Amino acid sequence: MGFHTLSSPDIPIVLASLLHDIGKIYNYYENEAEKYRTKYPEYWHAGAGAELLKELGFPYVIRHYVKYSHTPDRIEKEEYLSLIDKADKTDARLTRKREKRERAPVSIDGLSFEEVKTLHGGDLLKVLRDGLKFKDGLKFDETTLIRCVSILKETTLPLRADLYVKDVSLYIHSLIVSAIVSCWIRGEDPLVVLVETDVGERAKFARADRVEYLSGLQLYAYLGLLGSIAKCLRAKGFIPDVHILSETPLHVVMLIPQSLTQLLKENLARLSEDLHATISLKIIDLEGEVVEEDILRPRPRPLRLGRKRCHFCMRSIPEGEEALEGDKIVCLDCKHISMSYRYIGDNSIVLLVDGVYERGLVYRNLGITAILGMPSEFKDLLIMRLLNPSDYRSIVKYGIVPVDFRVEPFNKDYKIWIIVDAGLLLERFLKAEVYKLHRLATVCSLLPILLENRAKEILKDVYSLLKLDSTSLILQTNSRDGALKFALECLKIGLSSVLVKAGSPGFTFRKLLTKAGKLRVEAGEPYVFVEYEGGVLITEKKYKEACNWVENLARLTGIPVKSLLKIAIEFLPTLEQYGKYEDIVDPVDKVLLLSELLCRLAPIVESILTEDLIFFTLDGRSALRNALFEKPLNELVEILLILKVLYTHGILPEGEE
Amino acid sequence: MTDAIEDFCIALKNKDFKKAAELVEECAKLLVEKEEAATPLRDLGELIKKSWEDEVDKVLLRSEILVKNVPPLSNTLAQLVQEYNKSEAEKLRKLMRALMNFFRYYSGKRD
């Protein structure tokens with residue numbers, strides 16, 4: 001393989017750090033776990049891990065490090081071991097405050113022991129055993145390390161690092177420990193860096209006649225991000241795969257040495273020129289404090305009279321840089337972007353290579369190229385990825401870090417667009433008392449997978465994913481009911497959504513990004529905004545309130561939720577029309593208005609209950625009256641508006657669980 | 001011990017409209033519980049909408065109210081026709097309308 005990396009003595013300790021908790025996989029095999037718990041009363045998983053590695057043919061030094069990774073004091077003169085132990089405790093035990101610990105035998109995404117599979121559907125232990133068997137003997141080189149990262153990602157990303165702790169992936173924990181050790185061992189201080197590319201501005205020119213452009217843009221941006229990070233880490237001989245904690249098309253979380261942050265910024269600034277897009281980065285220390293935030297903007301390219309304009313980005317094309325895409329004249333950057341879509345396929349191996357090669361996707365300012373091919377062909381390989389593995393066998397076969405890149409082209413027949421925005425959820429994780437970094441990286445890695453699975457479940461195949469990363473998802477569908485149901489499912493886990501009718505593709509894409517960003521600030525809590533329902537804003541709090549209100553009312557009145565919803569919806573225009581009875585001071589006028597409202601409610605109640613064959617008692621009527629008028633009228637109207645939207649989309653509200 | 005209907009009547013006699021407004025809904029509910037017929041009540045409501053200017057109007061109205069025989073409401077209203085001035089009569093009309101509305105809601109009867 002053509003990596004330019006140090007074949008350094010550091011590799012065994014970095015490898016051991018990566019594998020130090022491998023024994024925890026037995027948490028998901030109860031019989032094996034029991035056996036090791038008896039054999040190793042203290043830190044059973046360390047002993048179990050060492051035995052598993054022995055079975056796989058790993059050398060003694062790795063097994064030794066793994067076995068004593070949590071008890072370094074038992075071994076004299078073992079500074080490396082104490083590094084693993086110290087890195088292991090970083091982030092997890094920074095504060096004295098402990099979380100409530102409840103053992104829950106499930107994976108991160110809520111599956112039971114029996115249901116848990118690897119990311120691409122394999123049995124955990126089988127994939128681990130097949131993937132970590134080195135036929136020609138294990139060598140302490142980068143190929144081995146990358147294979148271990150790949151197999152660990154496939155098997156342990158969905159698993160909990162600690163059965164008592166939610167939202168912390170075993171894979172992320174292992175990677176964080178190895179990245180920290182990789183920095184410390186060279187005397188470097190590690191920092192967390194979050195990078196996000198904003199393609200909204202570029203996307204606005206994406207038109208229906210070039211449907212691949214936007215997904216191509218995201219792949220181009222993603223590979224560019226990966227390349228600029230890898231190029232930076234390679235400059236000091238670090239192995240990039242150990243330091244990239246989570247990656248999605250427009251978003252990467254990494255842990256890199258402090259001394260490389262300046263170089264990273266320089267690389268990203270060059271990339272922003274290649275993408276002609278803004279890149280923002282946030283640097284956070286290991287205690288979760290934001291150290292630096294920066295936005296890297298490309299230089300504007302002025303419009304020149306007499307020059308041709310690019311068909312895609314509408315900018316003037318510099319002299320000598322005109323290219324053809326089909327019969328359209330485009331600029332060189334857009335040429336590469338429009339070609340990128342062809343790189344998205346199953347089991348594609350994408351190599352990021354230092355230098356400019358004509359046969360690939362070129363990043364002229366950054367000076368790298370993305371090429372489809374085999375790693376052995378290039379000597380200046382920076383990093384590589386296995387795009388969209390068809391199943392776990394591909395990962396076992398290639399030993400290359402897998403990435404599911406599910407962005408698809410526009411479908412002109414799908415009229416509803418949704419953005420699911422994770423901004424507030426990410427902020428919430430950054431404010432967590434413990435495991436901030438673990439949680440942030442876990443959520444960044446797993447959220448896109450969980451969202452895609454949920455979309456598949458609810459929208460079946462009637463959707464097209466236009467953007468999918470840790471910060472947001474944009475999809476198109478034709479199912480209004482499904483769209484709202486999906487948005488409400490997302491709301492339950494703290495994600496916000498905006499639903500709109502499709503307009504021009506590029507502008508709708510951008511409109512969603514802008515609206516979501518604006519509402520994130522204005523609402524201050526997760527929400528669902530349905531623009532085509534008169535702009536109804538359903539915040540997390542109001543949604544719960546509405547669901548609980550109607551469930552409670554159903555219990556008190558004995559009327560089924562569905563019938564109550566019908567009543568509420570028919571009554572809503574009267575309430576809106578009568579307006580603010582709270583403003584009336586005179587008690588006689590006030591009681592008269594209340595009675596008028598009830599008088600108008602009466603025939604609605606009678607007709608719906610007769611239709612639904614429901615007998616209504618006096619107590620039921622009192623309960624209905626109290627529930628309707630215990631709240632200020634404007635709050636009641638808000639609740640009824642939410643229930644109306646739910647009902648008209650065939651969704652029955654569920655109370656708080 | 002008095003019930004909500006009697007309390008409502010007392011409040012009206014005392015010209016305590018705030019109290020009467022508080023009691024009117026309970027009063028309607030009690031009338032429903034007592035299975036009071038809707039028609040005489042509705043007639044009472046209609047009668048009280050009429051204006052009474054002179055003594056002849058008053059005596060005619062009182063006689064029409066008393067004949068509806070909804071105790072103790074009929075007696076109370078007949079007495080109030082005699083005692084209330086114009087603005088008080090307006091409040092009474094509103095309260096009776098509220099009573100009818102509440103009765104309509106709680107009885108579930110269309111008329």
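How many bridges join strand β14 of chain A to β15(A), and do the two run parallel or antiparallel?

1. The model is predicted. Strand β14 (residues 463-468) of chain A is joined to β15(A) by five bridges, and the two strands are antiparallel. Tyr463(A) has Thr477(A) as its bridge partner in β15(A). A hairpin of three residues leads from β14(A) to β15(A).

2. Strand β13 (residues 416-421) of chain A is also antiparallel to β15(A), with six bridges between them. Here Ser472(A) of β15(A) is the bridge partner of Asp421(A).

3. As for burial, six of the six residues in β15(A), which spans 472-477, are buried. Both faces are covered: one side carries Ser472(A), Ile474(A) and Gln476(A), while the other carries Leu473(A), Leu475(A) and Thr477(A).

4. In chain B, the peptide bond from Pro71(B) to Pro72(B) is cis, with omega near -10 degrees. Pro72(B) lies in the loop between α4 (55-68) and α5 (73-83) of chain B. The loop between α4 and α5 also contains Asn69(B), a residue other than glycine whose phi is positive, at about 55 degrees.

5. With 15 other C-beta atoms within 10 Å, Lys15(B) is partly exposed.

Notes. Residues numbered from 1 in each chain as written. Chains lettered and ligands numbered in written order. Predicted model: local features only at pLDDT ≥ 70, side-chain atom pairs only at ≥ 80, totals over all residues. Buried ≥ 20, exposed ≤ 12 C-beta atoms within 10 Å, placed from the backbone. Helix = DSSP H or I, 4+ residues; strand = E, 2+ residues; numbered from the N terminus. Pairing = 2+ DSSP bridges.
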